[in-house]
Amino acid sequence: QVQLVESGGGLVHAGGSLRLSCAASGSIFSIYAMGWHRQAPGKERELVARIHRGATTNYLDSVKGRFTISRDDAGNMVYLQMNSLKPEDTAVYYCSADFDSGLGYSKASWGQGTQVTVSS
């Protein structure tokens, strides 16, 4: 099993920066991808950024050039550096991990979410 805890959310002015952190525990060795999703009120949860073993990354088009996802070498921490924040970035941000269950299929774990609010 993999457990995730996010931190780093808060209130910032437009144009400001935040760095979100996600700490993974449990079967860290089994994780093959980690990412960040966000959900604003009344909207579907959307993938913001994802990083795979080997450092391949994917980003939501609207955050490209502003957000950067990274992992530490041990794979137990993932970060989302958010620059040039806009009010439309306001959402609850969730850390996710995709991992091998050891039973022949993959599983996903989710953090509890951290609120990011960007004022105009």
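**Exercise 1. Find which residues Gly15 touches, leaving aside its neighbours within four places in sequence.**

Step 1: Contact means heavy atoms within 4.5 Å.

Step 2: Apply it. Gly15 is in contact with Ser84 and Leu85, once neighbours within four places in sequence are left aside.

Step 3: Look in the loop between strand 2 (10–13) and strand 3. Strands here are DSSP runs of E, at least two residues, and helices are runs of H or I, at least four residues, numbered from the N terminus.

Step 4: Check the surface. Gly15 has a relative accessible area of 53%, so it is exposed. The cut-offs are under 20% for buried, over 50% for exposed, and partly exposed in between (1.4 Å probe, protein chains only).

Step 5: Gly15 and Met82 are 67 residues apart along the chain, and their C-alpha atoms are separated by 9.9 Å.

A word on the model before you go on. This is a predicted model, where local features need pLDDT of at least 70, side-chain atom pairs count only at pLDDT 80 or more, and totals for chains, interfaces and linings use all residues. Residues are numbered from 1 along each chain as its sequence is written, and side-chain values use heavy atoms, with hydrogens and water left out.

**Exercise 2. Work out where Ser84 sits and what its phi is.**

Step 1: Find the loop. Ser84 lies between strand 8 (77–82) and strand 9.

Step 2: Read the backbone angle. Phi of Ser84 is positive, about 50°, although the residue is not a glycine. Most residues other than glycine have a negative phi.

Step 3: Ser84 counts as partly exposed because its relative accessibility is 40%.

Step 4: You'll find Ala55 in the loop between strand 5 (46–52) and strand 6 (57–59).

**Exercise 3. Describe the surroundings of Gln1.**

Step 1: Locate Gln1. Its place is in the segment before strand 1 (2–7).

Step 2: List what Gln1 touches. Not counting residues up to four places away in sequence, these are Ser25, Gly26, Ser27, Phe99 and Lys107.

Step 3: Compare sequence and space. Gln1 and Asp100 are 99 residues apart in sequence and 9.2 Å apart in space, C-alpha to C-alpha.

Step 4: Check the surface. With a relative accessible area of 52%, Gln1 is exposed.

**Exercise 4. Sum up the whole protein.**

Step 1: Count the elements. The protein has zero helices and eleven strands.

Step 2: Give its extent. Along its principal axes, the C-alpha trace spans about 45 × 25 × 20 Å.

Step 3: Count burial. Of the 120 residues, 40% count as buried.
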